[in-house]
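Please keep the sequence and the 3D view side by side while reading.

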Amino acid sequence: MAALGAFLVAACNYDYREKRIPNYLIIWMAIAGVGWRLWNEGAPGEFWYLGQAVLVVAILYPFFKIGGLGAGDVKLLGVTAGYLPAEKILAFLFCSLLVAAMISLVKFWKKGGERRGRGVCLSGPVLVSVLLFLGGVY
């Protein structure tokens, strides 16, 4: 899980600075996740990781298609969900999107109700959600 934290900090750095999450970072996160699950749970663990990641990406893909989420955000949520236990994925997604909505609301109020510019970088809320999971909040 320390590797996940380090990857998410790197994703935040890229996302807030360049407004994108590079694919090579997502690939390295996925490789580390598969390896971690393989080490801890054996061969079934890697398939659980891949299944969870693909399921989350498939669920969030329509939100990407309508412009609600960026492609990097969808991939980041997918590979991060693979690290978590299956029963915690919905709480993780809810928590991540709730933090993003709160940040978006604050940005909206600060701009006096005007909607301009880009949306919220989702890597920060994902990191906060993972830290809440590690802290035992959900």
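Two residues are in contact when they have heavy atoms within 4.5 Å of each other. The model discussed here is a predicted one.

In soluble globular proteins, nonpolar side chains tend to be buried together. The largest nonpolar core of this model holds 34 residues, and the members that touch the most other members are Leu 8, Leu 76, Leu 77 and Phe 92. At least two core residues come from each of the helices α1 (2-18), α2 (23-41), α3 (43-65), α4 (71-81), α5 (89-110) and α6 (123-134). The largest share belongs to α1, with 6 residues.

Setting aside residues up to four places away in sequence, Leu 77 touches Val 56, Leu 60, Phe 92, Leu 93, Ser 96, Leu 122 and Val 126. Leu 77 also takes part in the contact that α4 makes with α3 and in the contact that α4 makes with α6.

The helix pairs come next. Two packed helices are described by the angle between their axes and the distance between the axes. For α3 and α4 the angle is about 155 degrees and the axes are 7 Å apart. Angles over 145 degrees count as roughly antiparallel, and α3 and α4 are therefore roughly antiparallel to each other. Their crossing is right-handed. On the α3 side the contact is formed by Tyr 49, Gln 52, Ala 53, Val 56, Val 57, Leu 60 and Phe 64, and on the α4 side by Ala 71, Val 74, Lys 75, Leu 77, Gly 78, Val 79 and Ala 81. By class, the contact of α3 with α4 has 11 nonpolar, 2 polar and 1 charged residues.

How are α4 and α6 oriented to each other? Their axes come within 10 Å and cross at roughly 15 degrees. Angles under 35 degrees count as roughly parallel, so α4 and α6 are roughly parallel to each other. The crossing of α4 past α6 is right-handed. From α4 the contact takes Leu 76, Leu 77 and Thr 80, and from α6 it takes Ser 123, Val 126 and Val 130. Of the residues in the contact of α4 with α6, 4 are nonpolar, 2 are polar and none is charged.

Helix α6 also packs on α5, at an angle of about 130 degrees and with the axes 8 Å apart. The crossing of α5 and α6 is right-handed. Phe 92, Cys 95, Ser 96, Val 99, Ala 100 and Ile 103 of α5 meet Pro 125, Val 126, Val 128, Ser 129, Val 130 and Leu 132 of α6. The contact of α5 with α6 divides into 10 nonpolar, 2 polar and no charged residues.

Some single residues remain. Asp 73 is found in helix α4. Is Asp 73 buried or exposed? Its relative accessible area is 13%, and the limit for a buried residue is under 20%, so Asp 73 is buried. Leaving aside neighbours within four places in sequence, Asp 73 is in contact with Asp 15, Ile 21 and Leu 122.

The loop between α1 and α2 contains Lys 19 and Arg 20. Most residues other than glycine have a negative phi, and most peptide bonds are trans. Lys 19, however, has a positive phi, near 60 degrees. Lys 19 is partly exposed, at 39% relative accessible area. Arg 20 is likewise partly exposed, with a relative accessible area of 44%. Not counting residues up to four places away in sequence, Arg 20 touches Tyr 14 and Asp 15. The C-alpha atoms of Arg 20 and Gly 72 are 6.6 Å apart, although 52 residues separate the two along the chain.

Leu 98 lies in helix α5. A relative accessibility of 38% makes Leu 98 partly exposed. Its C-alpha atom is 28 Å from that of Trp 36, a residue 62 places away along the chain.

How values were computed. Residues are numbered from 1 along each chain as its sequence is written. This is a predicted model: local features need pLDDT of at least 70, side-chain atom pairs count only at pLDDT 80 or more; totals for chains, interfaces and linings use all residues. Side-chain values use heavy atoms; hydrogens and water are left out. A nonpolar core is a set of buried Ala, Val, Leu, Ile, Met, Phe, Trp, Tyr and Cys residues joined through side-chain atoms within 4.5 Å. Buried means under 20% relative accessible area, exposed over 50%, partly exposed in between (1.4 Å probe, protein chains only). Helices (H or I, at least four residues) and strands (E, at least two) are DSSP runs, numbered from the N terminus. Axes are lines fitted to C-alpha atoms, for helices over the stretch in contact, and angles run from 0 to 180 degrees between N-to-C directions. Angles under 35 degrees count as roughly parallel, over 145 as roughly antiparallel, 65 to 115 as roughly perpendicular and the rest as oblique. A crossing is left-handed if the near helix is turned anticlockwise from the far one by less than a right angle, and right-handed if clockwise. Ala, Val, Leu, Ile, Met, Phe, Trp, Tyr, Cys and Pro count as nonpolar, Asp, Glu, Lys and Arg as charged, and the others, Gly among them, as polar.
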